[in-house]
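Hi,

Here is the structure I promised to pass on.

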Amino acid sequence: MSDTPFGFGLPPEEPENGDEGKKKDPTGGGQGSGGPANPFGFGPGAGGDNPFAAMFGTMNPNDLGAAFQQLGQMLSYEGGPVNWDMAKQIARQTVSQGTPDGTKDASVGPSERSAVDEALRLADLWLDGVTSLPSGSVSTVAWSRAEWVEASLPAWQKLVDPVAERVGLAMGDVLPEEMQAMAGPLIGMMRSMGGAMFGQQIGQAVGVLAGEVVGSTDIGLPLGPAGKAALLPLNVERFGKDLSVPQDEVRLYLALREAAHQRLFAHVPWLRSHLFGAVEGYARGIKVDTSKLEDVVGQFDPSQPEQLQDALQQGMFQPEDTPEQKAALARLETALALVEGWVDAVVHEAAKSRLTSADALRETMRRRRASGGPAEQTFATLIGLQLRPRRLRDASRLWASLTDARGLDGRDALWEHPDMLPTAQDLDDPDGFVHHEQLDFSELDKMLGEAAKGPQKPAADADDKGPADSAETEDRKDDGKGDSDR
């Protein structure tokens, strides 16, 4: 089973020892993997080679009734490009199975909620001194893994639907127009199965991810409701388990990151739509290999729905190498790097004098991102984007240099407009960007405002003055003469 179930992204790396490496791969990242290296895979923990095992359980007689009922729901689905009801169900089931280390999800207790609330409020207080952006948290919350799934699915829907819709449309275009009416029921079944398969894979991915994330902004995107700062106490504990760092410091550091993200997304109104818009731009450029899809349609056996699952995993959907596609990916990658770099810079500034383990926690987080953890892998699989950690470090250095050169207000003012932000080229030459002349949009805004009001009426000539105007002018002259006489 492919590591990229939607068929795009970078090809998997070959093991160093060839076939022997595949046999000895301790992560199970090869065929049938279901571990973190393949968040959409269906490995031993998800039912081996049976792609429906995660949904149907162990397939004992007691499960058969529910299994057939669920299969009927799949075939009768008539919603959007992704069966999100199924996605949520699969995600919840994956969460209930626990993580590979045996940790099971649990409800958050009062003491944990209190600790999270205290950490997020203190984090907001510390951030007041290192950024000009005010608090973006309307409320604080401590989530279980299952609660994170429920809260994040609307954001995943915005991310994945554009990609899945492009694929779904292709399913109806593979047959000649004169045959589409005759094949209507088959095409409808294909779309229903496609929506179910997407839902199954996304649900599996989100369920795995729920065991790893520590808040609502781990991948640099706002996955939770606006203004709600969140931490997952169980995952926060796992994050700091082997760090030899007091749990309070781990919680505070992660709270700083969550609160910093919240400030940015709350007070940069265009940022959210800019990021999600880049994903939609990428989706519009997806090219479908219709020859493979035609083969699938021609050979599709309704009694073997896993055929469509296999088709989704065999490179049918590839990013089209066009300038528009490259621009969408570059725009998204750079924007995410700038978001993460800004958060890294302001959090370090806030924590370095208050947390004795600030440097160690910072490096741990950076290595976590650099190693391509489940968050990055899931995102790369869903939209074909892999963040380059070097860009994140470069962005962090750039924001720190901007703080030294322009102060907090000058640095944060760059978020006022997307055209003011550093570009990918600026990340290559941060000093050049920091010290070049700052753009001033005030005059442009003034000109645009005047243009919107329409042309101004020209002043009347002296010859056109009426009697009252002439008299007023003469009075002013007399007043002026009188003043000079005095």
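In helix 5, the buried residues (under 20% relative accessible area, with exposed meaning over 50% and partly exposed in between; 1.4 Å probe, protein chains only) are Val116, Ala119, Leu120, Ala123, Asp124, Trp126 and Leu127. They cover an arc of only 160° around the axis (taken from the directions from the helix axis to the C-beta atoms), which puts them on the same side of helix 5. Pro110, Ser111, Glu118, Arg121 and Leu125 are exposed on the other side. The cover over the buried residues includes strand 1 (139-142), strand 2 (228-231), helix 9 (233-239), helix 10 (247-267) and helix 14 (323-351), where contact means heavy atoms within 4.5 Å. Helices (H or I, at least four residues) and strands (E, at least two) are DSSP runs, numbered from the N terminus.

This is a predicted model: local features need pLDDT of at least 70, side-chain atom pairs need 80 or more, and totals for chains, interfaces and linings use all residues. Residues are numbered from 1 along each chain as its sequence is written, and side-chain values use heavy atoms, leaving out hydrogens and water.

Now the salt bridges (a Lys or Arg side-chain nitrogen within 4 Å of an Asp or Glu carboxyl oxygen): the structure holds 18. One of them joins Glu150 and Arg92 at 2.6 Å, N to O. That pair links helix 6 (residues 145-171) to helix 4 (residues 84-96), with the partners 58 residues apart. Arg411 also bridges to Asp412 at 2.8 Å, and both are buried. Arg391, Asp394, Arg397 and Asp428 form a salt-bridge network.

Cheers
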